[in-house]
Amino acid sequence: MMNKHVFRTGWKKGAMLALTLTFGLAVAGCGTDTPSKDGAQATGSAGQAGAASTDQKLVVYSAGPDGLAKKLVAGYEAQNGVKVELFQGTTGKILARMEAEKANPVADVVVLASLPSVQGLKKDGLTLPYPDAKNADKLNPDWSDKEGNYFSTSASALGIAYNTKLVKTPPTSWADLAKPEYKDQINIPDPSLSGSALDFMTGYLSANGDGGWTLFEQYKANGVAMAGANQEALDPVITGAKSMVAAAVDYMTYKAKAKGEPIDIVYPKEGTVISPRPAAILKSTQHEQNAKAFIDYLLSDEAQKLVADASLLPGRTDVKADKRANLDEIPLLKTNWEWMGEHGPDVTEKFTQMFK
């Protein structure tokens, strides 16, 4: 209940104020020319300060994917000698955990699967800017903060995943999923559990206005089922219990395809939504220099190669994706991230009520 409530409604104003105050008190006196909370002298260079610090701990909350998150942590630990405590969950679960811990914040760095969610953290003053992050100038500027409050180190695109044994001629448009021949054959992820699904719904609506709800009403009338988070929506298509997933996360589909599963994905001709996966340092961090070094690692050549190997879109524009469509091969809707962040809770509430 807690997880679903938090993600559906976003951070409530009162809770956010309390959380902001907690984080604000925790970081009072912290600056670039004063001693940091991990005992190192903050100089603006994570590497230099980290070398002088005896602090060897970092807490990371990550929206996965599971295998990639563990590889990134292992690579960072090997380079820096810092032990990482890793919690993995969906964006909704991570936000819920942060809310539950607001009186005693634990996480130093969060990696979310939703750009509006981290933009909300910045707006409420919960992120610690790191403008000197190494290789930040190579990131896609549309996905990351120019002031260094968050860095989208990877991204996925939303498409139509389909079982290749059941669907011989895949659809080419989002509207095709409302056709009678696909009745009761399609899943769609729950936006209260999936940040990527919410990005698609708010992105589609920001591009099409209120008229965009017509598509979702047609889906409902055609028996489209809201089926948990992304993997829960995809698994029945892999097994053949369902034919397709609308707003499927592409890297999950590519990974299943690489394992030999009968599945593939198409990006509708009218365009889709990219879902960046931003990382941010929280102002409440007790391990500031280690957190900065972790961001530096996420932006490194080594980490971006791991991202590409995981079938995700790399956050750096100079690193190409491997064995999947690159960004310039995916048709995009003209989305408005500010609108998406502002209207996310209302869209989630209306969509989930519609598909109950």
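Glu147 is partly exposed, with 44% of relative accessible area. In this predicted model, Glu147 takes part in a salt bridge with Lys122, and the closest N and O atoms of the two stand 3.3 Å apart. Because Glu147 belongs to the loop between α6 and β4 while Lys122 belongs to helix α6, the pair ties together parts that are 25 residues apart in sequence.

Lys122, by contrast, is partly exposed, with a relative accessible area of 28%. As a general point, side chains of opposite charge can pair when their charged atoms come close.

**Salt bridges in the chain**

The structure holds 11 salt bridges. One of them is formed by Lys57 and Glu85, with the closest N and O atoms 3.6 Å apart. This pair links distant parts of the chain, since Lys57 lies in strand β1 (residues 57–62) and Glu85 in strand β2 (residues 83–88), 28 residues apart. Lys57 is partly exposed at a relative accessible area of 35%, and Glu85 is also partly exposed, at 41%.

| Salt bridge | N to O distance |
|---|---|
| Lys122 and Glu147 | 3.3 Å |
| Lys57 and Glu85 | 3.6 Å |

**Buried elements**

The loop between α6 (115–123) and β4 (151–163) also holds Asn140. Asn140 counts as buried, because its relative accessibility is 10%. Apart from neighbours within four places in sequence, Asn140 is in contact with Gly315, Thr317 and Leu327.

Helix α5 (residues 91–100) is largely enclosed by the rest of the structure, because 7 of its 10 residues are buried. The buried residues of α5 are Thr91, Gly92, Ile94, Leu95, Ala96, Met98 and Glu99. In general, an α-helix has 3.6 residues a turn, so residues three or four places apart point the same way.

**A charged patch on the surface**

A patch of negative charge on the surface is made up of Glu338, Glu342, Asp346 and Glu349. Of these residues, Glu338 lies in helix α13 (residues 337–354). Glu338 counts as exposed because its relative accessibility is 66%, over the 50% limit for that class.

**The chain as a whole**

The secondary structure of the protein chain comprises 13 helices and 10 strands. Of the 356 residues in the chain, 56% are buried. Among contacts with a separation of 6 or more, 77% are between residues 24 or more positions apart. The protein chain exposes about 14,800 Å², of which carbon and sulfur atoms supply 52%.

Methods
Residues numbered from 1 in each chain as written. Predicted model: local features only at pLDDT ≥ 70, side-chain atom pairs only at ≥ 80, totals over all residues. Heavy atoms only, no water. Patch = residues over 30% accessible without salt bridge, like charges linked within 9 Å, V, L, I, M, F, W, Y side chains within 5 Å. Areas by Shrake-Rupley, 256 points an atom, 1.4 Å probe, with all protein chains shown as cover. Salt bridge = Lys/Arg side-chain N within 4 Å of Asp/Glu carboxyl O. Lys, Arg positive; Asp, Glu negative; His and termini not counted. Charge placed at Lys NZ, Arg CZ, Asp CG, Glu CD. Helix = DSSP H or I, 4+ residues; strand = E, 2+ residues; numbered from the N terminus. Buried < 20%, exposed > 50% of the residue type's maximum accessible area, 1.4 Å probe, protein only. Contact = heavy atoms within 4.5 Å.
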